[in-house]
Amino acid sequence: MRLTLRLNGNCARAFHVALAERLSRLPGVELAVDARPAPGGVPRSAEALFQLETLIHRLPANGTAKRVPLSTLAGHARPSAPADLTIDLVGDVEPQGRRVWRLAYDGVCGEEALLALILAGRTPLARLEQNGATVAEGRLGTEYHGIALASFQDMLTRSAGMIAAAVNGAARSSLPALPEPSSETSAPAMPSAMKLGVRAAKATARRIVQQIYHLCYNAPHWRVGWRETGGKDLYELRAHPQSGWRDLPDDCSRFYADPFPVVHRGQVTLFVEDYIHRTGKAILSAVAFGPNGPAGQPKPVLELPYHLSYPFVFERDGEMWMVPESSANRTVDLYRATAFPGGWVKEATLLSDIVASDATLTEHGGRWWMFATVRDGGGAFSDQLHLWSAPDFRGPWTPHPKNPLLVDIASARPAGRMVNRGGQLLRPVQDCRRSYGAALGIARVTQLDESGFEQVVETILNPGAGWAGRKLHTLNEAGGLEFIDGSAMAPRWKRTQRQDPMPAGGGEKT
């Protein structure tokens with residue numbers, strides 16, 4: 001297939017180089033690059049904002065938004081014959097009987113449209129269209145809300161992945177409908193370069209003030225909430241319980257998150273991510289739980305040189321198993337308990353050389369399935385869902401032929417164990433449109449097989465009167481006890497009142 005990539009030669013970026021290389025590696029593709037100059041593009045003031053954010057936030061200087069000489073694309077031929085397919089990133093290619101896929105963000109072409117949506121605090125809908133018909137689409141996301149350059153780079157990277165998947169025949173042409181209208185207003189008209197420049201200048205000043213405030217006074221502090229269900233959990237209530245939630249106490253020098261309870265020999269044990277603020281790294285801890293709450297403080301059960309979280313614990317074949325998130329190690333590993341709740345030994349590496357977040361296993365249709373969001377070559381950690389299947393939870397795990405199954409910042413990332421209710425498979429998901437882990441969705445899985453995956457998001461639970469704070473992130477239940485988590489902003493002086501000596505590392509929750 002002769003494929004032409006149309007881009008604006010006035011503002012070539014590393015994104016374009018990476019996309020061209022990715023497309024040229026697809027089997028059967030003969031790539032040409034049309035890099036004629038075009039009007040528009042990101043204004044100078046926005047580029048100045050990018051430079052300032054690079055300094056303030058210590059961002060790498062070689063990201064996907066980096067401007068590159070047009071000669072960097074010289075290795076890709078110019079179009080010399082009509083293309084079988086043209087990917088139009090500019091919006092100036094007339095079909096005239098040709099097959100043209102046009103990339104638009106909320107209906108507007110060009111990277112300046114993407115940046116305008118980011119600066120407006122919107123969740124961009126990226127869509128590849130052919131004569132008005134949708135070829136592929138995704139809700140793009142980022143974990144770096146408020147940092148324009150990082151958000152811009154995440155979304156450019158995911159756009160490249162969506163285009164490559166569409167050319168390879170693996171992209172989906174529709175997204176799950178959401179159960180409530182977004183709080184966002186309708187898409188804004190495309191601003192002029194001057195208006196976009198004014199927005200960028202205002203954003204620059206706002207970012208400086210916010211950065212100083214957060215560096216001096218506040219930092220994210222997560223907490224776990226729990227309650228007795230009394231036979232009615234959130235899957236039935238679809239709302240916060242009138243009884244409210246009780247907090248799992250911490251000593252302010254650390255926080256607990258990602259609660260995973262399990263019943264073992266009649267006793268509920270809660271596993272949590274145990275994040276020490278001073279070290280910036282998390283371990284996994286556990287505590288026995290009863291109707292009156294925890295039996296003391298969570299105690300460490302697994303510590304490694306890298307950050308651990310999301311302790312997915314389950315029982316099988318008379319033994320206790322765990323798949324913790326270890327994306328910092330670029331692996332998904334399986335552990336077995338030799339002295340429950342501790343004594344965890346690694347039994348197998350299920351996936352390697354991959355940045356996979358919140359791996360969640362379930363049995364369905366005679367096979368085991370693993371859900372995780374993957375940061376494939378960059379982009380956000382939370383908007384691209386991949387699936388694997390295996391005859392046994394120990395593996396071998398085979399990637400789904402249609403990966404990525406979903407690009408959706410509102411419903412891709414797992415948020416806890418999947419449950420079966422009345423023969424229906426329900427999946428808790430993270431709604432990260434406002435920010436990472438901002439809200440909790442409940443989705444009903446309508447298809448899960450080798451042909452594909454579909455889900456319907458039926459409920460979205462937000463923080464508020466029923467759960468104070470900024471985020472609502474995980475849902476799990478065991479033994480009549482239900483657990484959630486979320487975060488609020490905590491003064492830094494409180495974090496440092498008590499500190500435990502732990503090795504340094506890196507974390508992900510913000």
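Modeller: The following account begins with the sheet and then turns to a pair of helices and a single serine. The model is a predicted one. Strands of a sheet pair through backbone hydrogen bonds, either parallel or antiparallel. Here four strands form an open sheet, ordered S24-S25-S26-S27, and their pairing is antiparallel. The edges are taken by strand S24 (419-421) and strand S27 (452-461); each has a single partner strand, so one side of each is left without a neighbour in the sheet. From one strand to the next, the twist averages 40 degrees. Arg421 stands opposite Gln424 in S25.

For the helices, the axes of H2 (residues 44-56) and H4 (residues 148-167) come within 8 Å and cross at roughly 105 degrees. Because angles of 65 to 115 degrees count as roughly perpendicular, H2 is roughly perpendicular to H4. On the H2 side, the contact is made by Leu49, Phe50, Glu53 and Thr54, which meet Ala148, Leu149 and Phe152 in H4. By class, this contact of H2 with H4 comprises five nonpolar residues, one polar and one charged.

Finally, Ser357 belongs to strand S19 (residues 356-364). Its relative accessibility is 0%, so Ser357 counts as buried. Apart from neighbours within four places in sequence, Ser357 is in contact with Glu325, Ala372, Thr373, Phe381, Arg413 and Pro414.

Key: Residues numbered from 1 in each chain as written. Predicted model: local features only at pLDDT ≥ 70, side-chain atom pairs only at ≥ 80, totals over all residues. Heavy atoms only, no water. Axes fitted to C-alpha atoms, helices over the stretch in contact; angles between N-to-C directions. Helix = DSSP H or I, 4+ residues; strand = E, 2+ residues; numbered from the N terminus. Parallel < 35°, antiparallel > 145°, perpendicular 65-115°, else oblique. Contact = heavy atoms within 4.5 Å. Nonpolar A, V, L, I, M, F, W, Y, C, P; charged D, E, K, R; others polar. Pairing = 2+ DSSP bridges. Buried < 20%, exposed > 50% of the residue type's maximum accessible area, 1.4 Å probe, protein only.
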